Amino acid sequence: MTAWVEVDEYELRARFGPWSLRTPRENVASTQETGGFGFVKTAGPAHLSLADRGVTFATNPDRGVCVLFHESVRAIDPTGRIRHPGATFTVADPTALIAALEER
């Protein structure tokens, strides 16, 4: 599986197998470290939260970053009908991802 998250001066981009997310950095409203995910949330494909329509790209249950957006983004549905107000990414260094997204 191909899974990565990239941040440059303009965009946040992520890929999780066939699913991808791309949004301008200005669209990031807030970030928060999170973790302790259950097996069901981290096993298999990207997950859609039925509670809030958030998307999770997770490869481990330990630590991740929850990112909330000003405007909902496309990720799990290629047609764009389902949009996500937030996304959770389990990355090797959550602190570095938060710092990169909060750097203005």
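Let's start at Thr31. Its opposite number in β7 is Val67. Keep in mind that this is a predicted model.

Stay on that strand pair. Thr31 faces β7, and Glu33 does too, with Val65 as its bridge partner there. The strands involved are β4, residues 28–35, and β7, residues 63–73. They run antiparallel, and seven bridges hold the pairing. A general point here: side chains in a regular strand alternate between the two faces of the sheet.

Now cross to the next neighbour. What joins β7 to β8? Five bridges, again with an antiparallel run. Strand β8 covers residues 84–89.

Zoom out to the whole sheet. The order reads β4-β7-β8-β6-β5. That is five strands, an open sheet, with mixed pairing. Which strands sit at the edges? β4 and β5, the latter at 47–48. Each of them pairs on one side only.

Next, the helix. α2, residues 94–102, packs on this sheet. Helix α2 touches β4, β7 and β8. Its direction makes about 170° with that of β4.

Go to the loop between β5 and β6, where β6 is 55–57. Arg53 is in that loop. Arg53 has a positive phi, about 65°, and it is not a glycine. For context, most residues other than glycine have a negative phi. Is Arg53 buried, partly exposed or exposed? Its relative accessibility is 44%.

Methods: Residues numbered from 1 in each chain as written. Predicted model: local features only at pLDDT ≥ 70, side-chain atom pairs only at ≥ 80, totals over all residues. Heavy atoms only, no water. Pairing = 2+ DSSP bridges. Helix = DSSP H or I, 4+ residues; strand = E, 2+ residues; numbered from the N terminus. Contact = heavy atoms within 4.5 Å. Axes fitted to C-alpha atoms, helices over the stretch in contact; angles between N-to-C directions. Buried < 20%, exposed > 50% of the residue type's maximum accessible area, 1.4 Å probe, protein only.
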